[in-house]
Amino acid sequence: MEGITDRRSLETRELTIVNEVAKVLSRSHNFEEAIKDILKTLYSFWDVELSFVAIFKPHIKALQIFKAFGFSDEEIKRGIFKRGEGITGKVFKTGVPVVLTDLRSNPAFLNKTRVRDKLRGDETFVAVPVKVGGDIVGVLSIFKAFSSKESIERGIETLMILGTLIGMFYKLNERMEIERLEWEEEKKILREELKRTYNIHGIVGQSDAILNLIEVIKKVAATDTTVLITGESGTGKSMIAKAIHFLSKRKDKPFITINCAAIPETLLEAELFGYEKGAFTGAHTSKKGKFELANGGTIFLDEIGDMPLSLQAKLLRVLQDKEIERLGSEKVVKVDVRVIAATNRDIYKLVQEGQFREDLYYRLNVVPIHVPPLRDRKEDIPLLVEHFLQTYNSKYGKRVKLSPDAVESLIEYNWPGNIRELENTVERLVVMHEGTVRGVDLPPHILAYRRKLLGSEPMDLPRKIQATEREKIVEALEKTGYVKSRAAKLLGYTLRQLDYRIKKYGIEIKKY
Ligand SMILES: Nc1ncnc2c1ncn2[C@@H]1O[C@H](COP(=O)(O)OP(=O)(O)OP(=O)(O)O)[C@@H](O)[C@H]1O
Ligand SMILES: [Mg+2]
């Protein structure tokens, strides 16, 4: 009779524990807090004075005590178990619970945390796996004095249930954490874009070239076609891409930029298409690619001319099928994304040289937009100067003006870096000067250019071409931090051709 009563009361007790743990999990939002509360519950409802949960940490390739009850900080720190090491490591490896008695003398008990001295001697050590589906992610271990063998069996069963509950919560939490990070990233992108929205109307210019361009921008914004923007560096390609997006019906959806030249070839694919957890070493979580992030909106593929051929094939497929596959996944995801691409390279030449796929070129080039260099639309210079003076005066709280002859020199200069160079020049003048900037206050290279133009011997055409070429090389070198191989690539020269020209023009190579 007594045996039966005993068993009954034990069952009730264990059900209560499972129930309490479930309650803890249902009100918890945080894995760490939840585990802490669970271990506390084991103490209050089940007299477990020592317990811990160890979780596998991939970066140290071992299990580590994540939360413990009854352990000192020092003891917790010592709680690191390799796969298969000691009882905890073994449970992690096999997924089978282990029970150990006679802890004071049992050699199987490694006492890694050195809690042996705290034990009274009648405790049993029970360790069970923390499971997520078929995967084991950690181990739940307790030290408890059980009253009978039967109660140990019940105890293991109870702990196995807790291990599963903890595992489920672990997984849920991981998902929530991934989603939170993704959400943060999306929020950041949206915020960035919001800041730049005003730039839609920021296209300044009065030349026929710019006025035509604005007409084209408005027309293509009303459609969903792919656009390829070409033009030298700094002419406003990125700005135009943004303007098209923000004038289109997709304006409230994301505008996502990816610079195909800035990202290492090996990472570009993952950036574009995303990946699943475990797709490659280091892929600890899964991640959405830019195409998925841009869903409903626009993706801007900057420096498309630098996209490796292997990815060009994949991109072509996305453009045709409007669906992507994350790395390491078979699943096909439908995406509704408008593509705008830009390059400062002669892309048609790249096609002829076999560095850019012809089929992709035609696919992208549905509406070509060419942005002419600033030196071919000099009538825009005074307006741009005025625009940037206003911008930077207000940014720096100043009232800098330019004298008419200073403006004249700026109009004469040939601006190899186009509008970006003009913008930087004006910003520097605003920072460096007070009141009115005179012609002589302009940077030396602009003055030198003017002197050349005004020089007694008029520059003949070949010399003019050479001067432009020299400036282009210097600019490319500046842009690439004087890494010659990259500058050569940017200019479309071989390294030898670039070296030859560096010597010919006596260009000084700065070392950083
Ligand atoms: N028409 C314009 N009116 C006002 N600002 C302009 C204009 N065109 C370009 N800008 C400004 O000049 C700078 C360079 O433009 P942008 O970055 O769009 O050039 P880009 O052609 O994309 O250059 P890169 O090839 O180096 O990427 C930006 O700060 C942009 O706001
Ligand atoms: Mg750009």
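A: T480 is found in the loop between α17 (461-479) and α18 (484-491); helices here are DSSP runs of H or I with at least four residues, strands are E runs of at least two, and both are numbered from the N terminus. The model is predicted, so local features need pLDDT of at least 70 and side-chain atom pairs pLDDT 80 or more, while totals for chains, interfaces and linings use all residues. Residues are numbered from 1 along each chain as written, chains are lettered from A and ligands numbered from 1 in written order, and side-chain values use heavy atoms, without hydrogens or water.

T480 has a relative accessible area of 7% and is therefore buried (under 20%; exposed is over 50%, partly exposed in between, with a 1.4 Å probe and protein chains only). A polar atom of the T480 side chain lies 2.9 Å from the backbone oxygen of A476. Beyond neighbours within four places in sequence, T480 is in contact with R486, A487 and L490 (heavy atoms within 4.5 Å).

Two other residues stand out by their backbone. Most residues other than glycine have a negative phi. W415, not a glycine, has a positive phi of about 50°. W415 sits in the loop between α14 (404-412) and α15 (418-432), and is buried at 0% relative accessible area. N418, in helix α15, is also not a glycine and has a positive phi of about 55°; N418 counts as buried at 0% relative accessibility.

As for the domains, an automatic or database assignment divides the protein chain into domain 1 (2-176), domain 2 (203-372) and domain 3 (375-504). The C-alpha centres of domains 2 and 3 are 29 Å apart, and 17 residues of domain 2 are in contact with 17 residues of domain 3. Between them about 1,400 Å² is buried, 44% of it from carbon and sulfur atoms; this is the accessible area (1.4 Å probe) lost on putting the two parts together, summed over both. V204, E232 and S233 lose the most area in domain 2 to domain 3, together 34% of what that side buries.

The interface of domain 2 and domain 3 holds three salt bridges (a Lys or Arg side-chain nitrogen within 4 Å of an Asp or Glu carboxyl oxygen). The side chains of K472 and E232 also form a salt bridge, at 3.4 Å from N to O.

How values were computed
Polar contact = N/O pair within 3.5 Å; in protein donor to acceptor, adjacent residues only side chain to side chain.
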